[in-house]
Amino acid sequence: MRYVNENFEPIQERDIDLNKGFLSPAKVIRDDTEPIDNITKFAWDDTDYEEVQVYSINPKKEITPQDDTDAMAVDHEYRLTLLELGL
């Protein structure tokens, strides 16, 4: 199995840290293939594709005060709805 980064550049298995990112399957055109037609549309044969694992790093989202306020507002509206419904 071949591993690539998000830009489909080859990486080594030792570069993969599943605590910081994740793997997802994808099909790519093998590096050693040539197009069937050799013109601009580049038609590929079915055997020219291979399965790879794409390593993506989880984006670190910083929680802002606005995120906290939004979450409290949603919870407040939910509780009011339950109160109005008598649940």
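Two strands are taken to pair if DSSP finds at least two bridges between them; strands (E, at least two residues) are DSSP runs numbered from the N terminus. The model is predicted: local features need pLDDT of at least 70, side-chain atom pairs count only at pLDDT 80 or more, and totals for chains, interfaces and linings use all residues. Residues are numbered from 1 along each chain as its sequence is written, and side-chain values use heavy atoms, with hydrogens and water left out.

**View A. Pairing of strands β1 and β2.** Strand β1 (residues 2-4) pairs with β2 in the antiparallel sense, over two bridges. Valine 4 stands opposite proline 10 of β2.

**View B. The open sheet.** Four strands with mixed pairing make up an open sheet, in the order β2-β1-β4-β3. Its edge strands, β2 (10-11) and β3, each pair on one side only.

**View C. The largest nonpolar core.** Val4, Ala26, Val28, Val52 and Val54 are the five residues of this core, a set of buried Ala, Val, Leu, Ile, Met, Phe, Trp, Tyr and Cys residues joined through side-chain atoms within 4.5 Å. Strands β3 (21-29) and β4 are the elements that give two or more residues to the core.

View D. Serine 56 lies in strand β4 (residues 49-57). This residue counts as buried because its relative accessibility is 10%, buried meaning under 20% relative accessible area (1.4 Å probe, protein chains only). The side chains of serine 56 and glutamate 6 are joined by a polar contact of 3.4 Å; such a contact is a pair of N or O atoms within 3.5 Å, where, within protein, one must be able to donate a hydrogen and the other to accept it, and residues adjacent in sequence count only if both atoms are side-chain atoms.

Conventions:
Buried means under 20% relative accessible area, exposed over 50%, partly exposed in between (1.4 Å probe, protein chains only).
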